[in-house]
Amino acid sequence: MTFAIKVENLCKQYGEQQAVKGISFTVEQGTLFAFLGENGAGKSTTIEILCTLLKKSSGQVTINGFTLDASNGNADIRKSIGVVFQQSLLDERLTVRENILHRGKTYGLSKAQLTDNYQFVSTYLHLEDIEEKKYGTLSGGQKRRADIARALIHRPSILFLDEPTTGLDPQTRQFVWQAIKQLQRETNMTVFLTTHYMEEAAVAHQVTVLKQGKIVAQGTPDALKTKYAYDSMALVFQNAQEGVKFLEENAISYTENQGIYTIRLTSTLQALPLLKKAEPLIASFEVIKGSMDDVFLHIMAEEEVA
Amino acid sequence: MEALISLVLRNNKIFRRDKTHVFFSLLSVIIVIVLYAVFLQKMQVDAIEQLTEATPELITMVNEWLVAGLLSMIAVSTTLGAYGIAVKDQESKVQADFLTAPLSRATIQLSYVLNAFIIGCIFSFIALLGCEIFIVTTGGKILSFGDFIQVLSILFLSVLLASVFNLFLSLFVSTQNAFSTLGTIVGTLLGFLCGVYVPLGALPSFAQHIIMYFPISHTTLLLRNAFMESSIANVFDGVPVSYVEDYKMNYGIVYELNGHILSSTTSLIVIVCTIVVLSLASMILFKRKYN
């Protein structure tokens with residue numbers, strides 16, 4: 001197993017305040033890694049350290065086999081990573097093509113290689129219709145496409161994305177997200193992203209949840225769901241009294257909220273026999289699959305208590 | 001190297017495409033032209049008329065005086081404007097994007113300096129051509145080839161000085177708000193400190209001293225000498241030497257400091273030394289700022 005990123009006991013101190021408190025994790029090559037956490041949990045600090053923008057206080061970081069802060073200003077690491085920032089950082093008065101080529105030249109690529117790479121990113125992110133437009137005149141989604149293209153111009157093996165879909169309309173979010181996933185699959189690139197959207201984290205290979213500078217949970221989305229989320233069924237009875245009687249007779253524990261009775265299930269299939277049995281009593285029902293939202297909320301709530 | 005060139009070209013495009021930015025960096029120069037058209041020219045001509053009779057050559061000489069001041073101001077205001085990109089990049093975190101590429105901070109900073117220098121050279125050269133057209137169409141003679149080369153060399157030096165001077169100032173600033181305040185202060189003071197808004201002789205002696213110690217005013221002085229030399233000889237033909245010396249001192253064509261007339265060589269030394277000192281100071285400041 002080869003690791004694209006290996007972090008051991010990483011700490012970051014801002015004066016008195018400790019933003020990252022000794023975290024360790026590994027990211028396997030060619031996988032999609034999602035970093036979750038509330039605002040101020042230390043996600044951005046961590047990603048900035050990994051992108052060589054911020055000096056770590058202590059700990060060991062290896063990226064693509066190169067040790068962070070070892071020598072030569074991290075040039076080896078920088079050549080092998082691409083970064084998409086939260087904000088748009090291309091120049092408004094330059095066209096998309098000018099922007100990407102100007103920044104591409106800072107990687108010391110040959111002319112032929114740069115042209116090749118540009119062709120690749122342009123096709124991949126469908127830049128044909130916007131490449132001659134000034135960046136400042138683009139819509140939010142078009143800007144994001146250009147941002148990602150810029151991050152890929154030197155064909156890095158790891159792509160870092162800091163909340164890439166925050167603030168986009170649902171349709172654009174979908175497009176951007178599809179592009180990232182497709183890219184990851186087809187080029188076998190390692191993708192490291194922070195996000196607020198649980199459905200995005202759900203398709204990652206590995207999820208790490210950060211809280212107040214510490215890792216509070218990590219694993220595959222399935223493993224996390226098994227541990228922190230459960231499937232459930234919500235029932236509305238034709239007659240509430242009869243319904244309650246039914247539940248109690250069958251020793252089923254429930255919670256009630258405004259006439260909706262929620263039952264915890266071990267799997268969605270468990271709902272079937274129950275529904276058959278209670279069919280004459282039921283006015284309506286809903287079977288709810290445990291989601292990453294539950295995982296996130298439960299982890300946060302659990303830690304609150306602890 | 002290729003990365004540096006690419007950054008410089010990028011800075012250059014951004015500056016040139018921001019038309020309002022270009023306009024505002026030329027604002028102090030535009031003000032001078034307006035002041036000159038309204039009263040500066042007439043004031044000076046009136047004063048000289050009392051010494052000698054007014055001839056078309058006199059007008060040309062006074063025009064040349066203006067042109068010299070204008071060119072020295074353009075070098076400063078355009079290079080300062082060019083550093084606006086550096087401040088904007090820093091504030092908007094564009095520099096963070098550059099820093100994820102294999103570039104050092106020093107390379108990025110150098111690209112701003114080179115861009116400022118190039119912008120200064122381009123605008124100075126265009127302005128020089130414009131000034132020559134102005135002088136010729138108002139009845140003056142075009143610069144001889146030798147004088148033209150001399151003027152170009154002084155402009156080159158003055159743009160270099162202005163680039164370093166503004167680099168030093170811009171290192172103290174990290175927001176665009178602060179930078180535009182800096183621009184206003186420099187733009188306003190510059191006209192006075194180069195003796196363009198008000199002739200040197202009209203100021204109290206402490207102010208005259210400040211101007212003489214202000215290194216950029218020495219580029220104005222050298223340019224005035226280069227532009228006006230032959231006109232002065234023509235206009236003041238037959239006028240007592242002491243009157244001519246008075247005129248030169250009053251209008252900042254020579255400096256007399258502590259009873260000594262400063263030579264052109266002294267001015268050159270002042271300029272070169274300032275360039276060296278400010279370069280070193282900027283490097284130290286830069287290291288401090290990012291460590």
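Ile63(A) sits across from Phe66(A) of E5(A), and Thr62(A) faces Thr67(A) in that strand. Here strands are DSSP runs of E with at least two residues, helices are runs of H or I with at least four residues, and both are numbered from the N terminus. Before going on: this is a predicted model, in which local features need pLDDT of at least 70 and side-chain atom pairs count only at pLDDT 80 or more, while totals for chains, interfaces and linings use all residues. Residues are numbered from 1 along each chain as its sequence is written, with chains lettered from A and ligands numbered from 1 in the order in which they are written.

Back to the hairpin of E4(A) and E5(A): there are 2 residues between the strands, and Asn64(A) has a positive phi near 50°. Strands count as paired if DSSP finds at least two bridges between them.

| Strand pair | Bridges | Direction |
|---|---|---|
| E1(A), residues 3-14, with E4(A), residues 58-63 | 5 bridges | antiparallel |
| E4(A) with E5(A), residues 66-67 | 2 bridges | antiparallel |

Zooming out, chain A has an open sheet of 4 strands, ordered E2-E1-E4-E5, with antiparallel pairing. Its edges are E2 (17-28) and E5 of chain A, each pairing on one side only. Helix H1 of chain A (residues 43-50) packs on this sheet and touches E1, E2 and E4 of chain A, with its direction at about 120° to that of E1(A). For that angle, axes are lines fitted to C-alpha atoms, for helices over the stretch in contact, and angles run from 0 to 180 degrees between N-to-C directions.

What about the partner chain? In chain A, 21 residues are in contact with 21 residues of chain B, where contact means C-beta atoms, placed from the backbone, within 7 Å. Helix H2 (75-80), strand E6 (81-84) and helix H3 (96-104) of chain A each put at least two residues into the side touching chain B. H2(A) gives the most, with 3 residues. By class, that side of chain A has 9 nonpolar, 6 polar and 6 charged residues. Nonpolar covers Ala, Val, Leu, Ile, Met, Phe, Trp, Tyr, Cys and Pro; charged covers Asp, Glu, Lys and Arg; the others, Gly among them, are polar.

Finally, the domains: chain A is assigned domain 1 (3-225) and domain 2 (230-289), with bounds from an automatic or database domain assignment. The C-alpha centres of these domains of chain A are 44 Å apart.

Key
Contact = placed C-beta atoms within 7 Å.
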